[in-house]
Amino acid sequence: MKNVAAMERSRLCVSEIKNKQRRHLMFMKLKQEKRKVAMKKKKKKERDALGDKAPPKEVPKTIENQRVYDETTVNPEDEEVAFDEGTDEFSAYFNRLTNPKVLITTSDRPRGRTVRFCNQLATVIPDAHVYYRRGLALKKVIPQCIARGFTYLMVINEDRKVPNGMVLCHLPDGPTAHFKVSSVRLRKEMKRRGKDPTEHSPEVILNNFTTRLGHSMGRLFAALFPHDPQFVGRQVATFHNQRDFIFFRFHRYIFKNEQRVGIQELGPRFTLKLRSLQKGTFDSKFGEYEWVLKRHENDVCRRRFNL
Amino acid sequence: MADKSQVCSVWVGSETGILKGVSLSKKQAFNFCEMSCLSRDQEVCVLGWGDEHETEVLVGSVNGTVKTFSTEKGIFTETRQCGESTQGRFTGIAVTDSALITCVETGLLRVWKEGSTDTVEINAGTNVCRMRQNPSQRNQVATGGKENGLKVWDLERPETPIFTSKNVRNDWLDLRVPEWVRDMSFIPDSDKIVTCTGHHQVRVYDPASPQRRPVLEAHFGEYPLTALSLPANQDSVVVGNTHGELAILDLRKGLVRGCLKGLAGGVRGLQCHPSLPLVATCGLDRFLRVHSLEDRSLQHKVHTNTLSFSYTLSTPEAITGDVEEVKEEGGEVDEVWDTMEMINDQAKKRATDEEEAVVTGVEKTTKKRKVVK
């Protein structure tokens, strides 16, 4: 009914437009709409006519559906991978032997937005300390961090007053990941946000990290937060991977009843894209890279993803 | 186990101590490991052939043990303790008549003779990154490392090296150029040695010439070169760096002939096939790839689950073995293909008998169906 009314309105409008080109365009649009409605009607009629014998409704193809199967997708029962993960650099954290302690810093001379971003990150990640960079070399900072018991070093890189990169280095001798950061929204810019996050440790949700590289990434993010199955405080940090982009969101939830949950977004949100994963602590010149993003090789197939 | 190991054409060692055999025809990696023996200190550092006929693989681990694996039987036959983990990782392993040569990072090069416990020891300096044996003169080995130039040793005269290289002249700022030999290889049919360095240089040394400085120097990329291999035809070398860039360099002028694409992680092991223009690479991205050197395309890619920390080794061309397998596969295909195949096999046999270069046309048609060995 709505459609018919709209069509009538537009039909009147079309004939009254004096400009031939614009009138033509409006008319073509109108015809297209009509055609669409007619097709839909026809299809529905055919479906109803066939009744039960009708073929199932086609699922629309999306890039996620059409994703090329990745051979490195981890099988949950794989023993080799389980052994590998049981003895890698994160095993100390996953065996509850260490608690995370994060040092957040920036590139030299950060501007307001980056500073605010670092402060907000420090409220989201428990036991995080923000330090001013002072132009110090990371290779010299790392041994000092290790001596003071830090487990992570996070460096937010800034370009033109906006944070655009992140180096996340797991400290004792762990892998270093370099990300591209985009779409940073600080708390002020969030709509319908709740109050500031409290001191409680958030839960961590890791979505869609299926491949071997994705697994390593998942462990990297999980080790930022303390491992505590007794959740206190209704806060949750989500790392959602889709098409190789990792979306970070921070929410507070409340169960209204058994089935329904209300969530409020607090805290910063940003998107990460992995550029390289290097074995060992930060050493971009002589370090060995476990995975490097090679853009031209990834552009060949739109449906192949790595994480 | 035995049938699995006989089918494998490439051997890869991993970080967890598992020896993996990869069958390229089945595109699958098989694990060969001793039960309940997985641990990080069993990490494989070096792989080497145990004998001329390539039926035994020597596996050197971080904790100082050298295990012998028989490809025919499919099990580990022997374990020897050749040093402790405090002495550093193995950087090279080789076999001469009846002796095993091992070299560790701290520079201790030892020759373990069969039957007797005493060893001939050579101190090759500190920080040795690689030790290699001369395939034509089996008692010569070369060592090189960080701030430790290339030295060629004769095992019969263990006191002094027969060739010590000299560093290049100071650069344009009159500063000493740092040295870091990561891998080296003896060029067959001549005395020359080609090395690749951690400062992205490829250098050729000639012990026969009076100059101890490199005869040729070439640069590639901006990252340390970690592995090197010489393909069957002369005058070129394939190198790989920590970023996963593989390049074929020409040794006549030192120019890059082409790059091989596909690797996403640092290259740890690189091996060219002795006669076919193929190169196998293993690295930190957990894949074994075989590229063709002629058209630089990827021929095979096999997922090995763990980080491949050491060398790949290819089995030999055992051409008669090849031909038999091809005939078996041919049985599944059409009759037309069968007849074609027969002719090709015969041509190949004739070619090898006369020791001529195999016709590339024949190669290309048979390559796809052959087991790459």
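Colleague: How many residues of chain B are in contact with chain A?

Modeller: In this predicted model, 36 residues of chain B touch 22 residues of chain A.

Colleague: And what area do chain B and chain A bury between them?

Modeller: About 2,300 Å², with 51% of it on carbon and sulfur atoms.

Colleague: Which residues in chain B lose the most area to chain A?

Modeller: B:Arg40, B:Arg286 and B:Asn305. Together they make up 22% of what the chain B side buries.

Colleague: How many salt bridges does the rule find across that interface?

Modeller: Three between chain B and chain A. The side chains of B:Arg182 and A:Glu288 also meet in a salt bridge, at 3.7 Å from N to O.

Colleague: Staying with chain B, how many helices and strands does it have?

Modeller: Four helices and 28 strands.

Colleague: What share of chain B counts as buried?

Modeller: 56% of its 373 residues. The accessible surface of chain B is about 16,600 Å², and carbon and sulfur atoms hold 49% of that.

Colleague: What about contacts in chain B between residues 24 or more positions apart?

Modeller: Taking contacts with a separation of 6 or more, 44% are between residues 24 or more positions apart.

Colleague: Is helix α7 of chain A mostly covered or mostly open, and which residues does it span?

Modeller: Helix α7 of chain A runs over residues 212–222 and is mostly covered, with ten of its eleven residues buried. Among the buried ones are A:Leu213, A:Met217, A:Leu220 and A:Phe221. A:Arg212 and A:Arg219 are buried as well.

Colleague: Where is A:Ile263 found in chain A?

Modeller: In strand β9, which covers residues 261–265.

Colleague: Why is A:Ile263 called exposed?

Modeller: Because its relative accessible area is 57%, and exposed means over 50%.

Terms used. Residues are numbered from 1 along each chain as its sequence is written. Chains are lettered from A and ligands numbered from 1 in the order in which they are written. This is a predicted model: local features need pLDDT of at least 70, side-chain atom pairs count only at pLDDT 80 or more; totals for chains, interfaces and linings use all residues. Side-chain values use heavy atoms; hydrogens and water are left out. Helices (H or I, at least four residues) and strands (E, at least two) are DSSP runs, numbered from the N terminus. Buried means under 20% relative accessible area, exposed over 50%, partly exposed in between (1.4 Å probe, protein chains only). Contact means heavy atoms within 4.5 Å. Buried area is the accessible area (1.4 Å probe) that two parts lose on being put together, summed over both. A salt bridge is a side-chain nitrogen of Lys or Arg within 4 Å of a carboxyl oxygen of Asp or Glu. Accessible areas come from the Shrake-Rupley method with a 1.4 Å probe; for residues, only the protein chains shown count as cover.
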